[in-house]
Amino acid sequence: MLPEPEPATCRDLAHDLREAGYTSDALRDAWGETADDAIARGLRSPAERAIGDRDDAVAVLGRLLMLGMPQPTAYVDRALPRTGAAGIARLGIGVIDGDTVRPTALVRPQAISFGGDDETPDREIAWWLASDLDEAALGGALPEDHVLGVGGASLTLAALQLPTPAGRGLDIGSGCGIQALRARRSVDHVVATDISERALHFTRLNAELNGIDAIETRLGSLFEPVAGEQFDRIVSNPPFVITPRSDGVPAYEYRDGGLVGDDLVRAFVEGVGVHLAPGGVAQLLGNWETRAGDSGLDRARAWVEASPVPLDAWVVERESLDPLSYAELWVRDGGTLPGTERFARLIDAWLDDFTARQVTAVGFGYVLLRRPVAGQPSLARYETLPQPLGGDDLGAHLAAALAAHDRLAALDDAALAASVLAVAADVTEARHHLPGAEDPTVIELRQGGGFARSLAVDPGLAALVGACDGDLPVGVLIDAIAHLLDVDAAALRADLLPRVRELVFSGFVRFA
């Protein structure tokens with residue numbers, strides 16, 4: 001049983017870590033970029049070799065809390081003068097064994113960039129986040145109740161969270177608590193739930209360590225701990241990994257929800273609506289299966305439509321894997337090495353499971369659901385966007401797109417034509433010509449931020465976007481372009497205005 005985090009000891013540890021300069025940049029400087037990148041791949045020896053026998057605070061804390069290596073008690077006392085080795089033991093992140101401190105958890109610095117909006121610029125926040133020892137520190141496979149630290153999926157969802165203010169928030173499947181901490185930056189009070197009391201312990205510890213209040217933890221699965229309650233913001237990085245329900249296949253709590261196929265994500269999508277207050281937004285990551293020609297995105301649409309509460313939906317598929325690639329990814333993630341008998345046996349279990357449901361592909365992506373204030377959904381967007389993203393501003397980009405959608409929904413074509421628009425600062429134009437040709441064969445608009453979309457446009461739309469400088473209404477610009485192109489103005493309006501709506505929603509142009 002892990003001890004409850006003592007607030008005073010957490011404050012002492014935070015002070016000591018700050019005074020020691022225990023940051024991501026300091027560690028990277030200490031052992032170099034190559035070793036730092038190797039740590040993310042589960043290799044700690046390059047970092048250990050790089051810092052050698054250094055006994056300064058960054059080196060000692062890097063070994064103890066980043067790499068999970070025992071350190072002399074005297075070194076720990078010197079590196080953490082307020083906390084000392086005794087404080088590390090009281091927090092349950094280490095044990096004193098004679099003259100050595102042996103870590104029982106990692107506490108890693110994590111710099112997280114949050115995209116802002118017009119009133120709140122982009123910022124980078126540095127947190128210390130505790131989690132269980134990883135495979136390198138354990139020297140073997142992870143236990144099934146392992147509490148994962150911050151990974152790529154965690155950072156993705158943290159960046160996706162809307163930065164707009166809200167009253168009550170819910171983090172389902174909190175793990176080490178990063179989503180709850182991120183939500184608390186915009187939400188007044190956050191309830192964090194998990195089926196693992198160990199995960200909730202780390203959530204409470206990380207909240208105390210980083211001085212973040214108003215996070216309440218509750219034990220239970222999915223929506224059970226919040227029955228009958230509603231929230232303005234719900235976020236979840238659920239254990240969505242599709243895992244065979246077979247003997248001998250490990251069920252890791254941090255990634256396996258215990259259901260067949262993609263049923264966990266389906267249960268979340270179908271059940272979240274009743275827990276959203278009007279205007280409330282839910283965001284999650286998930287997997288969905290393509291079965292016998294029934295595409296994953298179409299199945300996700302069916303889940304949304306099965307909700308007892310009508311929902312706006314925006315589902316983005318970022319990648320799709322064939323069954324074998326998917327199986328290899330998650331068997332490796334569990335620490336089983338290729339070439340072993342166990343690896344082959346687990347791969348067969350995954351493939352048998354997929355075959356039973358006629359699965360031909362597994363998609364991964366982002367889900368945004370909103371309970372409409374008026375009760376009638378007006379957003380149903382299901383798209384595949386595999387290109388690299390444009391930066392760390394996705395949360396702000398999503399918020400701006402929702403606001404643009406709501407404003408556009410209230411405008412008929414005449415009102416849109418009377419609107420004044422301005423091209424976004426991150427948009428560029430590329431023109432491709434055949435050798436010797438005067439006119440371009442392809443005109444592309446490219447977005448630097450957000451989803452980094454690239455759109456092929458015709459000369460009329462390109463001219464309109466180029467003329468949107470926040471001065472003249474859209475209708476006036478279209479009439480002028482029609483005159484220059486010697487085409488019918490009414491026909492050009494009918495052609496361009498629907499596409500203008502798409503450009504406004506996707507952030508190429510904005511209301512001036």
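Residues are numbered from 1 along each chain as its sequence is written, and side-chain values rest on heavy atoms, with hydrogens and water left out. Because the model is predicted, local features require a pLDDT of at least 70 and side-chain atom pairs count only at pLDDT 80 or more, whereas totals for chains, interfaces and linings use all residues.

The account begins with Pro-308, which lies in the loop between helix H12 (296-305) and strand E11 (312-321). Helices (H or I, at least four residues) and strands (E, at least two) are DSSP runs, numbered from the N terminus. Pro-308 has a relative accessibility of 62% and therefore counts as exposed; the classes are buried under 20% relative accessible area, exposed over 50%, and partly exposed in between, with a 1.4 Å probe and protein chains only. Apart from neighbours within four places in sequence, Pro-308 is in contact (heavy atoms within 4.5 Å) with Glu-270 and Val-274. Between the C-alpha atoms of Pro-308 and Gly-271 the distance is 7.9 Å, although 37 residues separate the two in sequence.

Two strands are taken to pair if DSSP finds at least two bridges between them. E15 and E16 run antiparallel and are joined by six bridges; Arg-431 has Ile-443 in E16 as its bridge partner. Strand E16 (residues 442-447) pairs with E17 over four bridges, again in the antiparallel sense. Here Glu-444 stands opposite Ala-456 in E17, and the bridge partner of Leu-445 in E17 is Leu-455. In a regular strand, side chains alternate between the two faces of the sheet.

E16 and E17 also form a hairpin with six residues between them, and Gly-450 in its turn has a positive phi of about 55°. Ala-452 belongs to the loop between E16 and E17. Its phi is near 50°, a positive value in a residue other than glycine.

Next come two helices. Two packed helices are described by the angle between their axes and the distance between the axes. The axes of helix H17 (residues 459-467) and helix H18 (residues 474-485) come within 10 Å and cross at roughly 135°. Axes are lines fitted to C-alpha atoms, for helices over the stretch in contact, and angles run from 0 to 180 degrees between N-to-C directions. H17 and H18 are therefore oblique to each other, given that angles under 35 degrees count as roughly parallel, over 145 as roughly antiparallel, 65 to 115 as roughly perpendicular and the rest as oblique. On the H17 side, Gly-460, Ala-463, Leu-464 and Ala-467 meet Val-474, Leu-477, Ile-478, Ile-481 and Leu-485 of H18.

Beyond these helices, Asp-486 is found in the loop between H18 and helix H19 (489-506). Its phi is near 55°, a positive value in a residue other than glycine. Asp-486 counts as exposed because its relative accessibility is 71%.
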